[in-house]
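Trainee: Please take me slowly through this model, beginning with the whole chain and then looking closely at a single part.

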Amino acid sequence: MRNNNRLRKYVPSLLLFLLFETVAVALWLAKGNLFYLLNFSYIGGCLGVGTALFAAGKRYARQFVQWAVGSYMLLYLGVLSHENMQIEGFWYYLFLGVFEAATIHYAVAKIFGPLVFGRGWCGYACWTAMVLDLLPYKIPQAPRKKLGFLRYVTFAASFVYVAVLFLMHAEHMEEIMFVSFVIGNILYYVVGIALAFRCKDNRALCKYLCPVTVFLKPMSYFSLLRITCNKEKCISCGKCRQVCPMNVDMTDNSRKRLNGTECILCMECVKACPRKAL
């Protein structure tokens, strides 16, 4: 019986891997490209291992997935393969009418995927956040500012930028997209680090400027995977709210809870709860 209980806690890891493996096989068969099988199998494998490490009580579980997936997408797909996996790359392929690279990535991770795992991308795969999470302000030192509207400005700016390039019939678009990827990432890191120290909050960029959240937030409202609170165990100590990097009220189980669509499933609240109520 004890062995069965031990195995049961690894079931979510297996299910997560199988979900990505299903996507991998479906895209491989649909597109006839072995890369999609290898790509999504690798990402699913990393997520499966990471969640298994969390189930085993390893505190570095999320960081393992962040660096395994984030560095792969930044260095291999972005730098070596010259694929713009940022939002500009998504608009570029969308305007071309091609379901490849960034459009597939966005569909799986940031548009339809959040219906299952919410903002999990932000907590486990974002190559910008994997660096920002190394900064000293893992726990926000000040109340959240009302600057979330700025993310819609950066979202619109990314769309207008690519649209103007198409309207101008710019030549060498592939090269422009690669240069945009490099410069864009440098700006994200510089601005993200500056904001983190200015606001004393590692995730300030995610909260106020990241354009990708415009896709993530609506679908995350309906997310299948959510952290919920056992009210019978909860003693209202507030430790979960204190350690949450995204200022989410985890003691409220409604989908309308404070900053509910901001949860990145980092599990810091789960680890901090003294009564295991989350």
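Trainee: Among contacts in the protein chain between residues at least 6 apart in sequence, what percentage join residues at least 24 apart? After that, please look closely at the loop between α9 and α10, where Ile139 is placed.

Mentor: Among those contacts, meaning heavy atoms within 4.5 Å, 71% join residues at least 24 apart. Before we go on, please keep in mind that this is a predicted model, in which local features need pLDDT of at least 70 and side-chain atom pairs count only at pLDDT 80 or more, while totals for chains, interfaces and linings use all residues. Residues are numbered from 1 along each chain as its sequence is written, and side-chain values use heavy atoms, with hydrogens and water left out.

The protein chain has 15 helices and 0 strands, where helices (H or I, at least four residues) and strands (E, at least two) are DSSP runs numbered from the N terminus. Its radius of gyration, taken over C-alpha atoms, is compared with a globule rule of 2.2 Å times the number of residues to the power 0.38. The value is 19 Å, close to the 19 Å that the rule gives for 278 residues, so the chain is as compact as a globular protein of that length. Along its principal axes, the C-alpha trace spans about 60 × 45 × 30 Å.

Of the 278 residues, 47% count as buried, a word that means under 20% relative accessible area, with exposed meaning over 50% and partly exposed lying in between (1.4 Å probe, protein chains only). Helix α6, residues 101–111, shows the buried end of that scale, since 11 of its 11 residues are buried, including Ala101, His105, Lys110 and Ile111.

Now to the loop that you asked about. Leu134 lies in the loop between α9 (129–132) and α10 (150–167), and Leu134 is exposed, with a relative accessible area of 57%. Its C-alpha atom is separated by 39 Å from that of Ala30, a residue 104 places away along the chain.

Ile139 also has its place in the loop between α9 and α10, but Ile139 is partly exposed, with a relative accessible area of 38%. If residues up to four places away in sequence are not counted, Ile139 touches Lys200, Gln242 and Val243. Ile139 and Asn247 are 108 residues apart in sequence, yet their C-alpha atoms are 9.2 Å apart in space.

Most residues other than glycine have a negative phi. Leu265, however, has a positive phi of about 55° although it is not a glycine, and at 13% relative accessibility Leu265 counts as buried. Lys276, in the segment after α15, likewise has a positive phi of about 55° without being a glycine, but at 58% relative accessibility Lys276 counts as exposed.

Cys273 is in no disulfide either, its nearest cysteine sulfur being that of Cys237, 6.1 Å away. Cys269 is buried, with a relative accessible area of 4%, and Cys273, at 12% relative accessibility, counts as buried.

Definitions and conventions: Disulfide = S-S within 2.5 Å.
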